[in-house]
Structures are given as C-alpha cells and as structure tokens.
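Open the model in your viewer and keep the sequence panel in view. This tour goes stop by stop, saying what to select and what is there.

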Amino acid sequence: MTATYNQAKDQIFKLFNDAWKANTAAIVGYVPEVRWAGVEKPERPDASKYWVRVSKQVVGEEQTTLSDGITKRYTAYGLVFVQLFCPKSEAKATEHGGKLAVVARN
C-alpha cells in the first residue's frame with residue numbers, strides 16, 4: 001500500500017476509533033472518550049468514567065526504493081500506544097478495563 005505518512009497515521013487511528021465506537025458500549029454502557037496525543041483539551045477527563053489516550057511513535061524508517069530523480073519511497077515502522085484509564089470508584093474496573101484493552105489491542 002502506498003500512502004503518505006499522515007494518510008497512514010489517519011488510517012491506523014480510524015481503524016482504532018471505528019472498533020472502539022462499535023465495541024466498547026457493550027462493555028461499560030457507553031463509549032469511553034478518546035483523547036488523541038497532540039490534541040489538547042482544556043478540561044480534565046471525568047475521573048468517574050473510562051477513557052483512553054491514543055498516540056503513536058515512529059521506531060524506524062528506511063528508504064525502500066531508489067530515487068527516480070524526483071521521488072524516494074520509505075517504509076516506516078512504529079508503535080501505537082493506547083493508555084486506558086479506569087475509574088477507581090468502580091468495583092469491576094479491572095474486569096472492564098481488561099475487556100476494553102482487548103478491544104484496543106484487536
């Protein structure tokens with residue numbers, strides 16, 4: 001697949017967001033808020049609810065084609081981080097958090 005760096009990032013984040021919206025309400029009764037790295041909000045997240053922060057980190061990048069005088073192609077490798085925050089006040093926070101982690105992983 002050929003994509004720019006930003007297109008690839010957007011596709012990865014969309015894949016996560018679509019699965020998150022489709023699968024999390026069945027676990028905790030609502031879709032937990034998603035906060036994206038680099039998109040700051042002035043208010044703090046509600047500590048009585050589940051929420052996640054999603055970010056990415058480039059690990060490596062290598063040139064994968066020879067230059068044709070105009071264009072070079074690169075392949076980038078990286079990691080996607082999903083930090084899951086669970087309310088301390090909920091008795092089943094560990095159980096629900098584990099299920100939400102599986103949704104994020106998948």
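**Stop 1: the core**

Select Phe 13, Phe 16, Trp 20, Ile 27, Val 28, Val 34, Tyr 50, Val 52, Val 54, Ala 93, Leu 100 and Val 103: these 12 residues form the largest nonpolar core. At least two residues of this core come from each of helix H1 (5–23), helix H2 (25–28), strand S2 (51–63) and helix H3 (93–105). Bear in mind throughout that the model is predicted.

**Stop 2: two helices**

Two packed helices are described by the angle between their axes and the distance between the axes. Show H1 and H3 and look at their axes, which come within 9 Å and cross at roughly 145°. The crossing of H1 with H3 is right-handed.

Which residues of H1 meet H3? Select Phe 16, Ala 19, Trp 20 and Asn 23 on the H1 side, and Leu 100, Val 103 and Ala 104 on the H3 side. Sorted by class, this contact has six nonpolar residues, one polar residue and no charged ones.

Now pick out Ala 104, which belongs to helix H3. Beyond its neighbours within four places in sequence, Ala 104 is in contact with Phe 16, Trp 20 and Val 82.

**Stop 3: aromatic rings**

A pair of aromatic rings is described by the distance of the centres and the angle of the planes. How many aromatic pairs does a search of the whole structure find? The search finds four.

Select Phe 13 and Trp 36. Their ring centres are 5.1 Å apart and the planes stand at 35°, so this pair is tilted. Phe 13 sits in helix H1 and Trp 36 in strand S1 (residues 33–36), so the pair links distant parts of the chain, 23 residues apart. Is Phe 13 buried or exposed? Phe 13 is buried, because its relative accessible area is 16% and the limit for buried is under 20%. Trp 36, at 23% relative accessibility, counts as partly exposed.

Next select Trp 51 and Phe 85. Here the centres are 4.1 Å apart and the planes at 10°, so the pair is stacked. Trp 51 is in strand S2 and Phe 85 in strand S3 (residues 74–85), so the pair ties together parts 34 residues apart in sequence. Trp 51 is buried, with a relative accessible area of 11%, whereas Phe 85 is partly exposed at 28%.

To finish with the rings, select Phe 13, Phe 16, Trp 20 and Trp 36 together: ring pairs link them into a cluster.

**Stop 4: a serine in a strand**

Go to Ser 55, in strand S2. Ser 55 counts as buried, with 17% relative accessibility. Leaving out residues up to four places away in sequence, Ser 55 touches Phe 13, Ala 37, Leu 79, Val 80 and Phe 81.

**Stop 5: a proline in a loop**

Last, select Pro 45, in the loop between S1 and S2. At 25% relative accessibility, Pro 45 is partly exposed. Not counting residues up to four places away in sequence, Pro 45 touches Arg 35 and Trp 51. From C-alpha to C-alpha, Pro 45 and Arg 35 are 9.1 Å apart in space, and they are 10 residues apart in sequence.

How values were computed:
Residues are numbered from 1 along each chain as its sequence is written. This is a predicted model: local features need pLDDT of at least 70, side-chain atom pairs count only at pLDDT 80 or more; totals for chains, interfaces and linings use all residues. Side-chain values use heavy atoms; hydrogens and water are left out. A nonpolar core is a set of buried Ala, Val, Leu, Ile, Met, Phe, Trp, Tyr and Cys residues joined through side-chain atoms within 4.5 Å. Buried means under 20% relative accessible area, exposed over 50%, partly exposed in between (1.4 Å probe, protein chains only). Helices (H or I, at least four residues) and strands (E, at least two) are DSSP runs, numbered from the N terminus. Axes are lines fitted to C-alpha atoms, for helices over the stretch in contact, and angles run from 0 to 180 degrees between N-to-C directions. A crossing is left-handed if the near helix is turned anticlockwise from the far one by less than a right angle, and right-handed if clockwise. Contact means heavy atoms within 4.5 Å. Ala, Val, Leu, Ile, Met, Phe, Trp, Tyr, Cys and Pro count as nonpolar, Asp, Glu, Lys and Arg as charged, and the others, Gly among them, as polar. Rings of Phe, Tyr and Trp (its six-membered ring) pair if their centres lie within 6.5 Å; planes under 30 degrees apart count as stacked, over 60 as edge-to-face and the rest as tilted.
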